[in-house]
Amino acid sequence: MLDKPLLINGTWCAPSGNRVAEVKNPATGQTIAKLPICERDDLDRALAAAEAGYRTWRKMTALERGRIMHRAAALVRDRAEAIAQHMVREQGKPLAEARGEANAAAEHIEWHAEEGRRAYGRVIPSRIPGARQMVVKEPVGPVAAFSPWNFPINQLVRKISAALAAGCSIIAKPPEETPSACILLVKAFQDAGVPDGVINIVFGVPPEVSEYLIASPIIRKVSFTGSVPVGKALGAMAASGMKRSTMELGGHAPYIVASDADVRAAAALGVMLKFRNAGQVCASPTRFYVQDAVYDSFKESFVAGAQALKVGDGLADGTQMGPLANPRRLDAVEMFVEDAVSCGATLECGGRRIGNAGFFFEPTVLSDVPEHARIMNEEPFGPVAALVRVGSLDEAIERSNRLPFGLAAFAFTRSLATADRFATELEAGMVSINHFGIASAETPFGGIKDSGWGSEGGTEGLEAHLTVKFVSHIGA
Ligand code: NAD
């Protein structure tokens, strides 16, 4: 499947050069495939294809586009098992999570297929007698999209679905470390009848590809999901070409547990959210600010929950947490734990690699972590929870807001007034109170401050792919 990994103008093809990237199974550390990666002339062909594809696709009605997208969604559902199996082998997450991600991809496509039909403009009463004033929404143009390895399907499908729903073509660069499920996803769109050139897929050396595509006058919009430094660099490149951009970047989500909260429920959900995808989630809770009165009981439940998790190969029965996706994360997580302990934190459980094969790390809980520890300031992106005792709600909110990140925030309380305070005062693009309520197709997903610019999903994600044209006309 990986010998012809580029999709250019409707044809799966090999790159013109002979460079390759290695694809590893994180559960074994073994190389399982070699992925041929693109050269500049492949990018030139993709750009020409996206330009031509855009002309075809934007002319089709939103209804026709939506029908094709609905067919793609159905194919993704049919092929969800194969997509999920590939995802586990290359990314490591448990099969149940991968199945959920594949089926959610179908939902994203369906929702966008419908919402594309509602790219409404408006009519503004004119001050000139007999004149008509209209605001018309048009597709922004060909999109360059860069998606990461932590949710290989989910991150890619949001970018493709929003672009297609708006009438844009796209050149997407999925992650080189987890290519197979991405290729299957795109095959579903192709088999559903998306015209040639509308979706183009390239794999390459990330900075080479992004710099070249973003600089091209053909590209009118840039969409990136990944780390803050890379997002800032790509955002600056997009801005210098006066191109629209959506940047979905890193987070460092606070998880506040007020003294009146349902502590057991907050701990159980916290364990699920923290260790999902081995913590490699931009919206993963990372800093647990727990009020004094319930700190010890929360800690006890949370640690017990973390210790009970079954870690293993994502394809093995009963696995609840798989390996980390790559050795970079293993090194980073080890560093965060050592640093926190040397700063005075208590290691409640975990803290070590598991075995010599693959990239496994124990679900780890640190308590009483001082604010100056690196894990309280840099995104951990791994299976480590940092528990902190706080006195007042003021303190919890102030500490939650002290970082330049502002992606997700979670809070638990039984008081309506306190919930309202959290909703109002937490500086984050998404605030979820007493449950996990973010990341569905119909709701905006995105951050503020360093965590990004713009949203994916919801009407906001579609708007991000539309331009405004004002038309004023008067009868001849
Ligand atoms: P990284 O910063 O090198 O890469 C992150 C992602 O960006 C990868 O998919 C990579 O291919 C891509 N990328 C890197 N440089 C690029 C460039 N110049 N042009 C285009 N794409 C580029 O780090 P990493 O080791 O792969 O991941 C670790 C960090 O990335 C984490 O600490 C986390 O902050 C961030 N990350 C965030 C998300 C997210 O969902 N927001 C997803 C994956 C990684």
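## Position between the domains

In this predicted model, the ligand lies between domain 1 (6–249 + 451–474) and domain 2 (253–441), because both domains give residues to the shell around it. The space that the ligand takes is the largest pocket, and the elements that give two or more residues to the shell around the ligand are α7 (206–215), β10 (221–225), α8 (228–240) and α11 (327–342). Of the elements, α7 gives the most to this shell, with 3 residues.

## Composition of the shell

The ligand is surrounded by 21 residues, of which the closest are W149, S210, S227, R328 and E379.

## Polar contacts and burial

The side chain of S227 places an N or O atom 2.7 Å from an oxygen atom of the ligand, and S227 is also listed among the closest residues of the shell. Backbone atoms take part as well: a polar backbone atom of P206 is 3.4 Å from a nitrogen atom of the ligand, and a polar backbone atom of L249 is likewise 3.4 Å from a ligand nitrogen atom. Taken alone, the ligand exposes 790 Å², and the protein buries 83% of that area.

Methods:
Residues numbered from 1 in each chain as written. Predicted model: local features only at pLDDT ≥ 70, side-chain atom pairs only at ≥ 80, totals over all residues. Heavy atoms only, no water. Near = heavy atom within 4 Å. Polar contact = N/O pair within 3.5 Å; in protein donor to acceptor, adjacent residues only side chain to side chain. Areas by Shrake-Rupley, 256 points an atom, 1.4 Å probe, with all protein chains shown as cover. 1 Å grid on protein atoms, 1.4 Å probe; cavity = no way out; pocket = protein on both sides within 12 Å on 5 of 7 lines; lining within 4 Å. Sits in = over half its atoms within 2 Å of the grid points. Helix = DSSP H or I, 4+ residues; strand = E, 2+ residues; numbered from the N terminus. Domains from an automatic or database assignment.
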